[in-house]
Amino acid sequence: MSERITVTPLGPYIGAEISGLDLTRPLSDNQFEQLYHAQLRHQVVFLRGQDITPQQQRDLARRFGDLHIHPVYPHVKEVEEIIVLDTHNDNPPDNDNWHTDVTFIDTPPAGAILAAKQLPEVGGDTLWTSGIAAWETLSAPLKALLGGLRAEHDFRKSFPEWKYRNTQEEHRRWLAAVEKNPPVLHPVVRTHPVTGRQALFVNNGFTTRIVDLAEKESEALLGFLLEHAVKPEFQVRWRWREGDLAIWDNRVTQHYANADYMPQRRIMHRATILGDRPFYRAG
């Protein structure tokens, strides 16, 4: 029986749909290698009809690497590695902005696996954009300027204090997260540790300033980069069905979850794969 999977690109820069895998069963080493390399090449891949349990999602994610435990988001009972993103009128979404997950730590995630569990009748799509495409389409003089610059990433930009004052316990958890996650510096341009490709590594969710520049210079340049990085040409959009799975390379992408489905409910499960310290190596 053939173990060859089918990879169908969804655009010239980013995204592919994968068929020929049943993730409710353990993957062979051959199948996993094909999945892993498809994700590296296309930056985000999608699989339809994968009705996996939280335990199966965790076990698949562990094949990519160690997993992150989020300091704020709730998780599946007895599977703490699986975040529950349950959004509705009483818990409106906070991820309807362009962001790269958890860049507020020294070693931001290498990737993530997102599973659709309950969806609105219409809406709730997610978009991804390619930091590789954003970098490669810049002019040579601007690339020369950006190489080696550093930017600050701050947990509080996406998780402001006012959102976490509903209960004393919630506020205590937020204060503990802030203490544990002070602002960190990452290169503005990141070299992928596996492929060696360069990608813009700033995002609207957590990046606050370019520390090597004066305030006004930082404001102007960072504003341009954040806008450039999410041009429609660099994007792929996924229209979810229940049971769908997305696997993406968090080192070279940003994503945006549309919040256009209120008052309906949307439940997603996410496993987050730990990465390494970002670095820049001139190509």
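The largest pocket has a volume of about 500 Å³. The model is predicted. Rolling a probe the size of a water molecule over the atoms shows where empty space is left.

What surrounds this space? The lining of the largest pocket counts 19 residues. Nearest the centre lie N91, P92, D94, Y164 and E170. Two elements each give two or more residues to the lining: β5 (79–87) and α6 (168–180). The largest share comes from β5, with four residues. By class, the lining holds nine nonpolar residues, six charged ones and four polar ones.

Now turn to the backbone. Most residues other than glycine have a negative phi, and most peptide bonds are trans.

Start with Q43. Q43 sits in the loop between α1 (29–42) and β3 (44–47). Is Q43 buried or exposed? The relative accessible area of Q43 is 2%. Buried means under 20%, so Q43 counts as buried.

E78 is in the loop between β4 (75–76) and β5. The relative accessibility of E78 is 71%. The cut-off for exposed is over 50%, so E78 counts as exposed.

The last stop is a peptide bond. M262 and P263 are joined by a cis peptide bond, with omega at about 10 degrees. Where is P263? P263 is found in the loop between β15 (253–257) and β16 (266–273).

Key:
Residues are numbered from 1 along each chain as its sequence is written. This is a predicted model: local features need pLDDT of at least 70, side-chain atom pairs count only at pLDDT 80 or more; totals for chains, interfaces and linings use all residues. Side-chain values use heavy atoms; hydrogens and water are left out. On a 1 Å grid over the protein atoms alone, a cavity is a set of points where a 1.4 Å probe fits but cannot get out, and a pocket is an open set with protein on both sides within 12 Å along at least five of seven lines; lining residues have an atom within 4 Å of a point. Grid points are joined across faces, edges and corners, and a volume is the space filled by probe spheres set on the points. Ala, Val, Leu, Ile, Met, Phe, Trp, Tyr, Cys and Pro count as nonpolar, Asp, Glu, Lys and Arg as charged, and the others, Gly among them, as polar. Buried means under 20% relative accessible area, exposed over 50%, partly exposed in between (1.4 Å probe, protein chains only).
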